[in-house]
Amino acid sequence: MANETHMSVSVWRGDAVGSFQPFEVKVEDNQTVLDVVAWIQQYADPTLSYRYACRVGMCGSCAMMVNGTPRWTCRTHVKKVLVDGHMQIAPLRNLPVIKDLATDMDPFFDKWVAAEGVHHPTLTRNDPIEALDPAAEARVESAAGIECINCSVCYAACDTVANNPDFLGPAALQRAWSVYNDSKNADKQAVLDAVSGVGGCHNCHSQGSCAVHCPNALNPMNAIAGLKRETARNFFKRRS
Amino acid sequence: MTLGLYMAQRISALIMAPLVLLHIGVMIYAIQGGLSAAEILGRTKGSILWFAVYGTFVAAVSVHGAIGLRTVLSEWMGLRGGTLNAAAWAIFALLLVLGMLAVHGVTAR
Ligand code: HEM
Ligand code: SF4
Ligand code: SF4
Ligand code: FES
């Protein structure tokens, strides 16, 4: 029963198979979705599994589907998402469910590596530190994606990921674009090759769900457009 | 969708874009003063130019449509690997054969 003082919350229980379990939770003045999940686990059912760490939008571990929308639950106020005193909380989309609200994020992180979102050094530890110009064009492109907290909200929002399990996804490709534009990255070609295969950037349909839902207001779609442009340019260069 | 398929689909789209405009332009021009099969065939029969225009159009559509439907089959019907590529080649061949038959029909003497 939802009323002024209490909300009704449906929480996913199980893994790939399971069902929603209803809970009654007291409405507080300042309350996040994560607060509600924590309250249920502490006071209503200690067997509820979920994941969080920082509670301040830094670590990227608390993302869940709230009323069908992927969100960082530690920074989502209940008042913003409650519909007629009700909300539904489910594990993040597009990832295998371990138990209840905890997903297996391995596929998400494996794709970061597969997209070559790794550092290829230009210098050794014995060289002096290279100065960066924050206003340089490539640096601005690179910096646009560095506030990513690896929360997988964009990955959950992406319909192309849902329909094509090979697709590397918005976050991994955005990281590849940051690395590609980094003047301290020695191997641009390795990045372009990694994002040009079966699951690469060319699968993206540019519908922008990633950019709409990213809690840090990043725009992976833009980064992917950059990768498409550079791979296309490179396609002719390598042939001539 | 790999880089190669992406490039083939975008380049075929680039080829189609001006041909679509030309096609519409000629249609508007041709129907001034009525439309008859004899009039159209009189223009296209034995014309190397119209054969080249519509032949290129058909080739581009076959490439573009086959790659586009390949994406749809993969994302909506879960086709993968060899099955997916076989389906795309079949669509390519079907579009090419039907299209070239039509081009032959209107341009052969
Ligand atoms: C000048 C004309 C055309 C242009 C500029 C054009 C352009 C494009 C582009 C850019 C895409 C990729 C969309 C994406 O990846 O999200 C696409 C997809 C597609 N096109 Fe075309 N196209 C044209 C004509 C055609 C024609 C004549 C056909 C039919 C044979 C066709 C069938 C498709 C299909 C089935 C897709 C797949 C849908 C998708 O990937 O989202 N297109 N087209
Ligand atoms: S723009 Fe591309 S990466 Fe972003 S949600 Fe859409 S398909 Fe996925
Ligand atoms: S791009 Fe945004 S939504 Fe995607 S993982 Fe990074 S912070 Fe999360
Ligand atoms: S708990 Fe760290 S981002 Fe939400």
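How much area do chain B and chain A bury between them, and what share of it lies on carbon and sulfur atoms? In this predicted model, the two chains bury about 1,200 Å² between them, with 60% of that area on carbon and sulfur atoms. On the chain B side, B:M1, B:L3 and B:E75 together account for 48% of the area that chain B buries against chain A, more than any other three residues. Counted by residue, the interface brings twelve residues of chain B into contact with 16 residues of chain A.

Polar links also cross this interface. Between chain B and chain A there is one salt bridge, and the partners are A:D166 and B:R80, whose side chains meet with an N to O distance of 3.9 Å. Four residue pairs are in polar contact across the interface of the two chains, both residues of each pair having pLDDT 80 or more. The side of chain B that touches chain A draws at least two residues from each of α1 and α3 of chain B. Of the contributors, α1(B) gives the most, with five residues. Sorted by class, this side of chain B consists of six nonpolar, four polar and two charged residues.

Attention now turns to the ligand. Ligand 1 is surrounded by 13 residues, and the closest are A:H205, B:Q9, B:R10, B:H64 and B:G68. Because the surrounding residues come from chains A and B, the site is shared between chains. Within chain B, the helices α1 (3-30) and α3 (48-77) each supply at least two residues of the shell. The shell as a whole divides into six nonpolar residues, six polar residues and one charged residue.

Several side chains of this shell can be followed down to individual atoms of the ligand. From chain A, the side chain of A:H205 places an N or O atom 2.8 Å from an oxygen atom of ligand 1. From chain B, the side chain of B:R10 has an N or O atom 3.3 Å from an oxygen atom of ligand 1. A nitrogen atom of the ligand is approached as well: a polar side-chain atom of B:H64 lies 2.7 Å from a nitrogen atom of ligand 1.

A:R55 sits in the loop between α1 (33-44) and β3 (63-66) of chain A, and has a positive phi of about 65° although it is not a glycine. With 57% relative accessibility, A:R55 counts as exposed, since the cut-off for that class is over 50%. A positive phi is also found at A:S152, again a residue other than glycine, with a value near 75°. A:S152 belongs to the loop between α4 (137-143) and α5 (153-157) of chain A. Is A:S152 buried or exposed? Its relative accessible area is 1%, so A:S152 is buried.

A further loop, between α7 (170-181) and α8 (188-194) of chain A, holds A:D182. A:D182 has 18% relative accessibility and therefore counts as buried, the limit for that class being under 20%. Setting aside its neighbours within four places in sequence, A:D182 is in contact with A:R139 and A:S142.

Note on methods. Residues are numbered from 1 along each chain as its sequence is written. Chains are lettered from A and ligands numbered from 1 in the order in which they are written. This is a predicted model: local features need pLDDT of at least 70, side-chain atom pairs count only at pLDDT 80 or more; totals for chains, interfaces and linings use all residues. Side-chain values use heavy atoms; hydrogens and water are left out. A residue is near a molecule or strand if one of its heavy atoms lies within 4 Å of it. A polar contact is a pair of N or O atoms within 3.5 Å; within protein, one must be able to donate a hydrogen and the other to accept it, and residues adjacent in sequence count only if both atoms are side-chain atoms. Helices (H or I, at least four residues) and strands (E, at least two) are DSSP runs, numbered from the N terminus. Ala, Val, Leu, Ile, Met, Phe, Trp, Tyr, Cys and Pro count as nonpolar, Asp, Glu, Lys and Arg as charged, and the others, Gly among them, as polar. Contact means heavy atoms within 4.5 Å. Buried area is the accessible area (1.4 Å probe) that two parts lose on being put together, summed over both. A salt bridge is a side-chain nitrogen of Lys or Arg within 4 Å of a carboxyl oxygen of Asp or Glu. Buried means under 20% relative accessible area, exposed over 50%, partly exposed in between (1.4 Å probe, protein chains only).
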